[in-house]
Amino acid sequence: MQKHESIQIKKTARLMIGVCGILFCLFSFSFLYGMQSDVLSMSQHLLSKGSTTYSNIWGATIITSLLMLIVILFRRARIFAIHSQALYFFPSCLILGLITCIVQDRGWDYTFHVSWISLTIYILLYLFVVWISLHYPDTRNSAKISLSQMRINLILLALQFYMVGSIGNSNDAYHYELKTENLIMEGENSTALTIGKKSLATNRNLTALRVFALSRMGELGNKLFEYPQEYGSNGLLPNTYDSISAYNWTQQLYKHLGGYPGKGISTAKQFLEILSRHDNARPATHDYLLCAYLLDKELDKFVMKLPTFYTINDSLPAHYKEALIIYSQE
């Protein structure tokens, strides 16, 4: 009789771990493929120094498979009761969160989005739950599946999924930046401009990417102020130390303008003023410079430069017309 119960307990435990395993695989794959693929692409670019590229579907599949392998190996210890089989997934959930919280720092350097205090708290909470589980083993009728056992496992698994989401990079502006960069490199400028358009979340690189897309479409003078502008003229170009990107969009940007910033140039406006005087400056440079003056509220310089680049008539871009009206009323 005891042998029969032991076999039945093992079958029940396998069923519990199987249900949790299916839910974990679905969560992990959707989290990696649907939410964090852009972050993983950038992370691999940084870790490999640009020598490899990331495949969304293969990356999500391989990582999820490896994480499930860790669960299987951890479960060989057989230390948890049926009502706490979900605790075998903690190491995999922790790793899943950590690999999706890598962000660029400066150049090729990177850092982690999560704090060590948070990680310590999660680990201590896990050890506390493990202690409770080991001190409350299964009851005599544990060989039978009960709703309470399943409910406890699902709650434990859901809490671990919450931990993954809190550790993983959830910075909206960073996600917008990477998605926008990818679309721009694919030539989808109009689609790139829809990413995060209704959100106020932004950063300097995202601002520069949107400016680049507008410039490519010839709409910089018409739609610049439809997007948050928190960095003045410096927001027109990325930081020089942030120019490491997963798709090397900065190379296309400076080719679009006709030159690269040299040493000793401290601001975007200074670079644009110098470049605009060179013969290799592209027409896009002129719009960049005019918008730099508008962003810094230097209407005198704007009005002085405008006739150099444009014929003053009704065909002027909307923002330039507005600036002339404001200047005439001062």
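These are my notebook entries on a few features looked up in this predicted model.

**Ground rules.** I number residues from 1 along each chain as its sequence is written, and I leave hydrogens and water out, using heavy atoms for side-chain values. Because the model is predicted, local features need pLDDT of at least 70 and side-chain atom pairs count only at pLDDT 80 or more, while totals for chains, interfaces and linings use all residues.

**Cores.** I looked for nonpolar cores, meaning sets of buried Ala, Val, Leu, Ile, Met, Phe, Trp, Tyr and Cys residues joined through side-chain atoms within 4.5 Å. Buried here means under 20% relative accessible area, exposed means over 50%, and partly exposed lies in between (1.4 Å probe, protein chains only). The largest core has 43 residues, and L237, L253, L257, L272, Y288 and F302 touch the most other members. At least two residues each come from α7 (172–185), α9, α11 (249–257), α12 (268–276), α13, α14 and α15 (318–329). The most, nine residues, come from α13. I took helices from DSSP runs (H or I, at least four residues), numbered from the N terminus. A second core of 34 residues is separate, and L40, F80, L87 and Y88 are among its members. In soluble globular proteins, nonpolar side chains tend to be buried together.

**L272.** Which residues does L272 touch, not counting those up to four places away in sequence? I found L236, L257, T285, Y288, L289 and A292. Contact means heavy atoms within 4.5 Å.

**D287.** This residue is in helix α13. I noted that D287 is buried and has no salt bridge, a term for a side-chain nitrogen of Lys or Arg within 4 Å of a carboxyl oxygen of Asp or Glu. Which side chain of opposite charge is nearest to D287? It is R282, 13 Å away. The side chain of D287 does make a polar contact with that of Y320, at 2.6 Å. For a polar contact I need a pair of N or O atoms within 3.5 Å; within protein, one must be able to donate a hydrogen and the other to accept it, and residues adjacent in sequence count only if both atoms are side-chain atoms. Beyond neighbours within four places in sequence, D287 is in contact with L220, Y310 and Y320.

**Helix α2.** Is α2 (residues 37–47) mostly covered or mostly open? It is mostly covered, with nine of its eleven residues buried. The buried residues include S37, D38 and H45.

**Positive phi in loops.** Most residues other than glycine have a negative phi. R78, not a glycine, has a positive phi of about 50 degrees. R78 sits in the loop between α3 (56–75) and α4 (90–99), and counts as exposed because its relative accessibility is 55%. K297, also not a glycine, has a positive phi of about 60 degrees. I placed K297 in the loop between α13 (283–295) and α14 (299–309); at 74% relative accessibility, K297 is exposed.

**K197.** I found K197 in the loop between α8 (189–192) and α9 (204–216). K197 is partly exposed, at 40% relative accessible area. Setting aside residues up to four places away in sequence, K197 touches R210, E226 and Y227.

**Cysteines.** How many disulfides does a search of the whole structure find? The search finds zero, a disulfide being a pair of cysteine sulfur atoms within 2.5 Å. C25 is partly exposed at 28%, whereas C291 is buried at 0%.

Key
Lys and Arg count as positive and Asp and Glu as negative; His and the chain ends are not counted.
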